[in-house]
Amino acid sequence: MRDVLDQLVAIWRSGETAGLGTVVRTFRSAPRPAGASMVVAPDGSVSGSVSGGCVEGSVYDAASTTLLTTVPVLERYGVTDDDAFAVGLTCGGILDVFVEPISRTTFPELEMLAESIASDTPVSVATVISHPDRSRVGLHIVLGHSGASGSLGSPRSDAAVVDDARGLLATGQSAVLTYGPDGERLGEGMEVFVASHAPRPRMLVFGAIDFASAVAEQGVFLGYRVTVCDARAVFATAARFPAAADVVVDWPHRYLAAELEAGALDSRTVICVLTHDPKFDVPLLAVALRHERFAFVGAMGSRRTHDERTDRLKEAGLTDDELARLSSPIGLDLGARTPQETAVSIAAQIVARRWGGSGEPLTDRAGRIHHDSAMGNTS
């Protein structure tokens, strides 16, 4: 939902109704993950995607109908080969899409959800997507740091779902949960989609150079909250790095150590060291590589720079296992030359690390195109 939230909230605040289609469950080679959303505005315009193009037309029609009827529906696409080709889901996957009307009346808790997501505060939203009592389909609870807001139709249902949603939120997972009609844990009849919105993962870019600006832009494009850090105040300015959420003037190793001490980094954090200056990158990498929690640590430089850097890190006491965590020279072999091309090669390596990709051309490989996460949930 994050990528369509601005459009959805704008319609909500105007007092109008939007049609929202959300992928709640996927099977086999589905093109988009659970949580992917499409918004249809009252004027018929569209934001977002639920399938990368495969079933957009069908979901658009369903959302447009929901705008008129205000009745939420749970649709399945790709159940059979005939159905798959009829809606364009030729990848062989199956999507369950929940289509609902969103307005101040149907979802009064949307403001709380939007504020939490905007402030990078962990929050989840639980939505009834199936229930014997049709009046309860589409009810929501938003669960954030300040507690829960909304109701799924009964105190027992609310208590059961809030407990389970807290567990999913703690691990950043989204899932469809099944209960009895009144929240009975071993029952059937009520299905609830819990969408967890963890804070954006962080990308720390060290070295306020022209390459850093391009890397910051790629990081934001991939969904990271980007911080650029450099000890030189004349270079580390917000004007030079407009894509970054934060531009910090500090010694890189000192800033990284402070963020670790504050618990501000997690297993999704990626670190790009672009300084290629021993007085900055050696103490910085000594801090970074001694911690196993980071998803990616890469450093820019030539192969000669890498060899010299490795020798200095060994002199600083780093072990072979710790040095093995370093991706250097950073990036995939794309033949990149410009800062923008280099940033693409770095972003490609980060994506490959996230999903366990090989970095090889797909034409040279067989088997599944999509990978399961190789470094934990990043939603």
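This is a predicted model: local features need pLDDT of at least 70, side-chain atom pairs count only at pLDDT 80 or more; totals for chains, interfaces and linings use all residues.
Which residue of strand 5 does R25 stand opposite? Residues are numbered from 1 along each chain as its sequence is written, and side-chain values use heavy atoms, with hydrogens and water left out.

View A. R25 stands opposite D96 in strand 5. Strands (E, at least two residues) and helices (H or I, at least four) are DSSP runs, numbered from the N terminus; two strands pair if DSSP finds at least two bridges between them. Strand 1 pairs with strand 5 in the antiparallel sense over 9 bridges. With strand 2 (residues 37–40), strand 1 pairs in the antiparallel sense over 4 bridges, and G19 stands opposite V40. Because 8 of the 10 residues of strand 1 (residues 18–27) are buried, this strand is largely enclosed by the rest of the structure. Buried means under 20% relative accessible area (1.4 Å probe, protein chains only).

**View B. The buried side of helix 4.** In helix 4 (residues 110–118), the buried residues are L110, L113, A114, S116 and I117. They cover an arc of only 165 degrees around the axis, which puts them on the same side of helix 4; the arc is that of the directions from the helix axis to the C-beta atoms. D120, whose phi is positive, near 55 degrees, follows helix 4.

View C. The order of its 6 strands is 13-12-11-14-15-16, with parallel pairing. Strand 13 (246–249) and strand 16 (326–327) are the edge strands, each pairing on one side only. Strand 11 (residues 202–206) and strand 14 (residues 270–273) are joined by 4 bridges, and L204 stands opposite I271.

Note on methods: Buried means under 20% relative accessible area, exposed over 50%, partly exposed in between (1.4 Å probe, protein chains only).
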